[in-house]
Amino acid sequence: MSVMKIMKPFNVVINFKTGELSPGKRVLRRVSDLKPLFYNQKAAEELIHHDDPLMYEVIYADVPEEGGHLGHCTTILYPGRVGEEFFFTKGHRHEKLETAEIYFCLQGTGKLLMESVEGEFEVLDMFPGSSSYIPPYWSHRTVNVGQEPLIFYCIFPGDAGHDYATIERHGFPQLVVERNGKVQLIPNPYWKKNV
Ligand code: PAN
Ligand code: ZN
């Protein structure tokens, strides 16, 4: 016999063009919220002092953060750069490492960077209709490499939890930059392999 509270089924409505999820709870992330994560700290400081641009919004459906439930949200990652680096999400691994996630892209063009706990690195393209499976044990970060907002829908186990500190310490193995008008992945000199 389950000890979970029985809750009522419900709908949320997602606008595929804007990423609005309603009803939902919105979290905003500005350049200052991601400050330690940028390769070019001087460029980040300049942007923060100028107008501290909004990088992304996450809109969460109201679901208990418990096993058995499925957390779901939209992310709207705006186009832009800090120095050469395209705007990205903080990136995290799940506190409960053995939990997976699905990212379904609604609008825009992006890269999904992933690193396993063993230090393997993988990148998937995100485009309208792409549905990316992030298996258990992989850290994940999205990068907007286009001119439009990158909008995607995420579904994850309610009890996954978010560990941001590990990524803040280690970084990802590669950076996504614009050089000579092109999107390029280059080695991250500050990356520390997970041990
Ligand atoms: C996503 C992310 C969302 C924002 O819902 O949380 O895209 O990225 P950060 O959490 O790295 O700021 C997800 O992966 N949830 O588990
Ligand atoms: Zn996640």
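The donor residues of the zinc ion (ligand 2) follow the sequence spacing H-x1-H-x6-E-x38-H. The model described here is predicted. In it, the zinc ion (ligand 2) has an octahedral site, and the largest nonpolar core has 32 residues.

**Zinc site**
- The protein donors of the zinc ion (ligand 2) are His92 (NE2), His94 (NE2), Glu101 (OE) and His140 (NE2), at 2.1 to 2.3 Å from the ion.
- The site has six donor atoms, and the angles among them run from 75 to 173°.
- For six octahedral donors, the ideal angles at a metal are 90 or 180 degrees.
- Two of the donor residues, His92 and His94, are both buried.

- In soluble globular proteins, nonpolar side chains tend to be buried together.
- Within the largest nonpolar core, the residues with the most contacts are Leu34, Phe38, Met55, Tyr103, Met126 and Val143.
- At least two residues of this core come from each of H1, strand S4 (54-60), strand S5 (70-77), strand S9 (101-107), strand S10 (110-116), strand S13 (138-144) and strand S14 (150-157).
- S14 provides the largest share of this core, four residues.
- Another core, of nine residues, lies apart from the largest one and includes Val12, Ile59, Ile76 and Tyr153.
- Leaving aside residues up to four places away in sequence, Leu34 touches Arg29, Met55, Tyr56, Phe88, Thr89 and Lys90.

**Ends of helix H1**
- Where helix H1 (residues 41-50) starts, a side-chain oxygen of Asn40 comes within 3.2 Å of the backbone nitrogen of Lys42.
- Just after H1, the phi angle of Asp52 is positive, at about 45°.

Definitions and conventions. Residues are numbered from 1 along each chain as its sequence is written. Chains are lettered from A and ligands numbered from 1 in the order in which they are written. This is a predicted model: local features need pLDDT of at least 70, side-chain atom pairs count only at pLDDT 80 or more; totals for chains, interfaces and linings use all residues. Side-chain values use heavy atoms; hydrogens and water are left out. A polar contact is a pair of N or O atoms within 3.5 Å; within protein, one must be able to donate a hydrogen and the other to accept it, and residues adjacent in sequence count only if both atoms are side-chain atoms. Donors are N, O and S atoms within 2.8 Å of the metal (3.2 Å for Na, K and Ca); water is not among the atoms, so sites may look incomplete. Four donors count as tetrahedral if all angles lie between 85 and 135 degrees; four count as square planar and six as octahedral if opposite donors are over 155 degrees apart and all others between 65 and 115; anything else is irregular. Buried means under 20% relative accessible area, exposed over 50%, partly exposed in between (1.4 Å probe, protein chains only). A nonpolar core is a set of buried Ala, Val, Leu, Ile, Met, Phe, Trp, Tyr and Cys residues joined through side-chain atoms within 4.5 Å. Contact means heavy atoms within 4.5 Å.
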